[in-house]
Amino acid sequence: MNIQTLTLKGTAEWNEDALVVNPGVSMYGVLDGATSLHPFRGPNGETGGYLASRTIQQYLESLQAEDLAGIDLKEAVVQANVRLREKMKEAGIDLTDLAALWTSALAVVRIHDRYIDYAQVGDCMIAATYADGTIRTVSRDQVAHIDCESKKIWEEALRTGVQTREELWELVKPHIRGNKSRMNTLGGYSVLSGQPEANDFIEYGRINRIQLQSILIVSDGLFPPKTSAQPPTDGISELVTLIEEMSLEGYAKWLLDLEAEDKECRKYPRFKVSDDKTAVLIRFDVE
């Protein structure tokens with residue numbers, strides 16, 4: 001088994017992504033924190049998104065085999081969500097104010113000899129590749145439909161002549177604020193937020209390792225760029241193909257160059273010039 005990881009800071013002040021690397025229990029994954037809409041800073045200036053992803057990362061990386069005896073990966077993520085709630089409470093966050101909550105998306109796997117367990121929340125994604133070249137999307141992007149709504153506002157503003165990313169962001173911001181009321185609801189999206197409701201929206205399961213060649217786990221900052229707001233599609237297959245062609249680091253460099261050429265986010269509608277980028281690529285020996 002060969003494991004490659006990558007994490008790159010975007011253009012925001014803090015890298016709110018985090019890697020989960022716990023070889024002791026064969027657990028690997030990515031996290032993508034999101035800053036609360038009410039300004040919060042930790043003792044060293046950390047954003048809520050940074051603290052969310054690091055709280056979950058530290059909990060999952062602290063787990064040992066005896067901690068996981070008798071529980072599945074989903075329950076481990078539930079406990080990470082509980083820990084996030086405790087951390088926010090310690091920091092004096094009003095847990096009844098959705099706009100104040102620190103949040104994070106997650107995709108994590110635990111590797112066993114004959115199968116792989118997975119858990120996923122939000123827009124971090126998992127894909128499997130097989131010896132015959134088949135690409136299988138294991139997870140579902142739970143946020144794509146929300147992002148599509150916001151990007152349509154962005155596109156309409158461009159059509160009316162808005163020129164700069166700052167102006168575009170100010171127009172989209174009220175819609176993004178409104179989305180906070182939809183987190184962990186049937187009409188919204190899933191995210192780890194410390195809310196007990198989040199536990200019911202964790203997707204999880206098991207795939208077997210027959211002919212399994214690789215597993216790719218990524219945060220949304222690595223998604224291939226789109227020139228228009230599009231309904232949710234299986235973009236993860238395109239990403240797997242591009243990484244196979246360019247390598248993980250080569251693809252990330254190509255994407256960074258593309259983003260740098262579009263600093264006002266006009267050609268590729270998006271909310272940051274460059275989002276944080278995190279990935280785990282696990283390759284297996286197929287007998």
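**Close-up 1. Thr129, a buried residue.** With a relative accessible area of 8%, Thr129 counts as buried (under 20%; over 50% is exposed and in between is partly exposed, using a 1.4 Å probe and protein chains only). Thr129 sits in strand S6, residues 125-130 (strands are DSSP E runs of at least two residues, helices H or I runs of at least four, numbered from the N terminus). Skipping neighbours within four places in sequence, Thr129 is in contact with Thr134, Ile135, Gln211, Leu212, Gln213, Ser214 and Val240 (contact is heavy atoms within 4.5 Å).

This is a predicted model, so local features need pLDDT of at least 70 and side-chain atom pairs pLDDT 80 or more, while totals for chains, interfaces and linings use all residues. Numbering runs from 1 along each chain as its sequence is written, and side-chain values use heavy atoms, with hydrogens and water left out.

**Close-up 2. Gln211 in its loop.** Gln211 lies between strand S8 (203-208) and strand S9 (212-218). Its phi is near 60 degrees, a positive value in a residue other than glycine. At a relative accessible area of 40%, Gln211 is partly exposed.

Close-up 3. Ser247 is partly exposed, with a relative accessible area of 37%.

Close-up 4. The lining of the second largest pocket divides into 6 nonpolar, 3 polar and 3 charged residues. Here Ala, Val, Leu, Ile, Met, Phe, Trp, Tyr, Cys and Pro are nonpolar, Asp, Glu, Lys and Arg charged, and the others, Gly among them, polar.
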